[in-house]
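Please read the following report alongside the sequence and the three-dimensional view.

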Amino acid sequence: MARIKKIIGLIDADLLDNGTRHPNLVLLKLAGFFHDNGIQFELILDPKADTSHYTKIYMSRVFTYTELPELYIRAKGTSEERKFHCGGTGFYANEANVMEYRKMREDDMNRLENDEFLNSLRNFHGGKEYGINMARQMPYYHLYDSFVNQQVEKGFKREKYKDYQKYSIGFLTRGCVRHCPFCVNKLENHILPYSKLQCFLDEERDDNGKLIRPYIYLWDDNFLASDPSIWRPLLEQLIETKRPFQFRQGLDERMLAESPYGEEMAEMLSRSRYHGDFIFAFDNWKDHELIEKSLKIWKRYNPKKGTKFYLFCGYKQA
């Protein structure tokens, strides 16, 4: 009896609703895991697509305002719904009940590593023999090639989609200690090491020997607020790669004034190959004096570096 060929559908719900300019890291890692195991997968680009030929479908949503695609709405309440495995902060980030939020957050963070189907497949990156290890899994950076090519065919310039093509992406650390009420990390109390740099640093080169992805995106929640035994060697590793890198979610400027190692942080960052402007978080006006104090330290070491802030607006804080 012939074996049924498995075809996995991957859905970036935010992409289908025009709500993102970055690849979805979870989907990149799932694609890498399926690629390792020789299982066919596809990034679904049509929100109305026929899903009958897919064995399973993994859908991720980052933003709560993202509208779920029609193909999922159509499957609700039918046998087709069993194919869908859904996750991401977009499914629970606005939950007001703290206990319910904690439960949903924990379930979401562990869902894929507890997935029965994924646990039937080999792990090739250590940590365990079967199942995906999200911290160690190498992303499959070609997942969005079909999307980029589709957009180019529509007349858009390929350079517009450089975030999908030119970056190694990952978390070196996870967690935060700030407890900001608007953040998905509001219940976190620690910042711990997560992926090793080599677990997501891409070395693919073109025919001329140039790196296809010469830049590094880091999506750490609050890198500088981690223990010096964590951030110091990791920052040194980033500098040693000689590749331009950027902490895409910004850095915590307050740490330059609050930490006894603030000047060391500013000095190390000053000799890094940072990609673009340095961007820091400024989420609460009450911190403005601390921010000003930190900026004086920053400018001593980085007098000419482009410096910007993410300003959080429209959220009432106590």
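Are H6 and H8 roughly parallel or roughly antiparallel to each other?

## Basis of the model

The model is predicted, so that local features are reported only at pLDDT of at least 70 and side-chain atom pairs only at pLDDT 80 or more, whereas totals for chains, interfaces and linings use all residues. Residues are numbered from 1 along each chain as its sequence is written, and side-chain values use heavy atoms, with hydrogens and water left out.

## Packing of H6 and H8

Helix H6 covers residues 228–241 and helix H8 covers residues 262–270, and their axes come within 10 Å and cross at roughly 10°. Axes here are lines fitted to C-alpha atoms, for helices over the stretch in contact, and angles run from 0 to 180 degrees between N-to-C directions. H6 and H8 are therefore roughly parallel to each other, a label given to angles under 35 degrees, while those over 145 count as roughly antiparallel, 65 to 115 as roughly perpendicular and the rest as oblique.

The crossing of H6 and H8 is left-handed, the term for a near helix turned anticlockwise from the far one by less than a right angle, with right-handed used if it is turned clockwise. On the H6 side the contact (heavy atoms within 4.5 Å) is made by Trp231, Arg232, Leu235, Glu236 and Ile239, and on the H8 side by Glu264, Met265, Met268 and Leu269. These residues divide into six nonpolar, no polar and three charged, where Ala, Val, Leu, Ile, Met, Phe, Trp, Tyr, Cys and Pro count as nonpolar, Asp, Glu, Lys and Arg as charged, and the others, Gly among them, as polar.

## Packing of H8 and H9

Helix H9 (residues 288–301) and H8 have axes that come within 9 Å and cross at roughly 40°, which makes H8 oblique to H9. H8 passes H9 in a right-handed crossing. From H8, Gly262, Glu263, Ala266, Glu267, Leu269 and Ser270 meet Ile297, Trp298, Arg300 and Tyr301 of H9, and the residues of this contact divide into five nonpolar, two polar and three charged.

## The chain as a whole

The secondary structure of the protein chain comes to nine helices and eleven strands, these being DSSP runs numbered from the N terminus, with helices (H or I) of at least four residues and strands (E) of at least two. The radius of gyration is 21 Å, close to the 20 Å that the globule rule gives for 318 residues, so the chain is as compact as a globular protein of that length; the radius is taken over C-alpha atoms, and the rule is 2.2 Å times the number of residues to the power 0.38.

Of the 318 residues, 47% count as buried, which is to say under 20% relative accessible area, with exposed meaning over 50% and partly exposed in between (1.4 Å probe, protein chains only). Among contacts with a separation of 6 or more, 72% are accounted for by residues 24 or more positions apart.

## Individual residues

Glu70 lies in helix H3 (residues 70–75) and, at 41% relative accessibility, counts as partly exposed. Leaving aside neighbours within four places in sequence, Glu70 is in contact with Pro47 and Lys48.

Most residues other than glycine have a negative phi. His179, in the loop between strand E6 (173–175) and strand E7 (191–193), has a positive phi near 60° and is partly exposed at 40% relative accessibility. Lys242, in the loop between H6 and strand E9 (245–247), has a positive phi near 65° and counts as exposed at 59% relative accessibility.
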